[in-house]
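Please keep the structure open while reading, and look up each residue as it comes.

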Amino acid sequence: MNFSNEVDSVKKTLIENAHLMRTFENSSKEEFRDIMKKFNDEIEKERLEMGEALIGLKTRQKRLDTALRKINNESHSLEEFEAKYKEFQKTEDEKSMTVKLLSEFADFKQEMLNCSSTSNADDDTEIVEDDTNVCSMYDPWTKGLMLNPVRNTKCGHHYDRDSVMAAIKDNLSVKCPIVGCVSKIFVQPNHLVSNEALKKRIHTYKAQQGDEVTNDDN
Ligand SMILES: [Zn+2]
């Protein structure tokens with residue numbers, strides 16, 4: 001198993017573990033529920049930080065691999081190799097990396113917060129609070145329920161397709177409107193992917209609220 005796969009495996013374990021721990025919040029004992037919720041909220045931060053560190057390591061490792069191969073190909077002697085490697089290391093040490101802006105981290109965070117397409121379809125998570133730690137079912141522009149949620153792959157936030165498209169149609173300098181979003185990248189149509197799992201969840205939620213879901217998607 002190479003390093004990259006190992007990191008992926010640890011990431012997966014972190015996510016699965018987080019999801020498992022969250023299921024204890026469905027306990028019928030109220031005080032136990034509260035304790036679990038508090039515990040999970042606290043540990044979630046640490047899990048995300050761990051994921052951030054791992055993704056950073058993996059990215060660096062990949063860069064090192066590529067660089068070593070390149071240096072090896074370009075070097076005709078061991079001395080040359082050493083000199084080139086030293087030079088690479090120097091620039092590498094000066095490089096700073098914002099892991100939080102990598103799409104891999106956005107994906108990790110999204111899965112951790114239970115919004116991924118791999119999340120349990122039958123889990124009971126209709127209570128989705130509108131805060132940045134929990135995947136919101138509401139569109140940041142209209143504040144209404146999203147009927148066609150799309151995920152911004154640059155930061156992991158969701159918007160209703162119609163409202164984000166309307167917002168960026170005539171304005172190419174729209175940033176993610178979610179409060180606290182770290183992404184400084186302007187929203188572009190090719191950054192948006194639909195989230196079928198979240199869509200399903202919202203539609204189920206709407207149906208449970210007694211509303212008829214008007215699906216003008218097809
Ligand atoms: Zn965002």
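1. Lys-143 is exposed, because 9 other C-beta atoms lie within 10 Å (a residue is exposed if 12 or fewer other C-beta atoms lie within 10 Å of its own, buried if 20 or more do, and partly exposed in between, with C-beta atoms placed from the backbone). Lys-143 is found in the loop between H4 and strand S1 (149-152), and its phi is near 65°, a positive value in a residue other than glycine. Most residues other than glycine have a negative phi.

2. Please bear in mind that this is a predicted model, in which local features need pLDDT of at least 70 and side-chain atom pairs count only at pLDDT 80 or more, while totals for chains, interfaces and linings use all residues. Residues are numbered from 1 along each chain as its sequence is written.

3. The protein chain has six helices and three strands (DSSP runs, numbered from the N terminus: H or I with at least four residues for helices, E with at least two for strands), and from the N terminus on they run α-α-α-α-β-β-α-β-α. Of the 218 residues in the protein chain, 20% are buried.

4. Helix H1 (residues 3-23) has 21 residues and reaches 31 Å from its first C-alpha to its last, close to the 30 Å expected at 1.5 Å a residue (the expected span is 1.5 Å times one less than the number of residues). The buried residues of H1 are Val-7, Lys-11 and Ile-15; seen down the axis of H1, they fall within an arc of 75°, so they line one face of the helix (the arc is that of the directions from the helix axis to the C-beta atoms).

5. Where do the buried residues of H1 pack? They pack against helix H2 (30-74) and helix H4 (103-112), through contacts (C-beta atoms, placed from the backbone, within 7 Å). The face of H1 turned away from its buried side carries exposed residues, including Asn-5, Glu-6, Ser-9 and Leu-20.

6. The axes of H2 and helix H3 (residues 78-94) come within 9 Å and cross at roughly 150° (axes are lines fitted to C-alpha atoms, for helices over the stretch in contact, and angles run from 0 to 180 degrees between N-to-C directions). H2 and H3 are therefore roughly antiparallel to each other, a term that covers angles over 145 degrees. At this pairing, Ala-67, Ile-71, Asn-72 and Glu-74 in H2 meet Phe-81, Lys-84, Tyr-85 and Phe-88 in H3.

Terms used:
Contact = placed C-beta atoms within 7 Å. Parallel < 35°, antiparallel > 145°, perpendicular 65-115°, else oblique.
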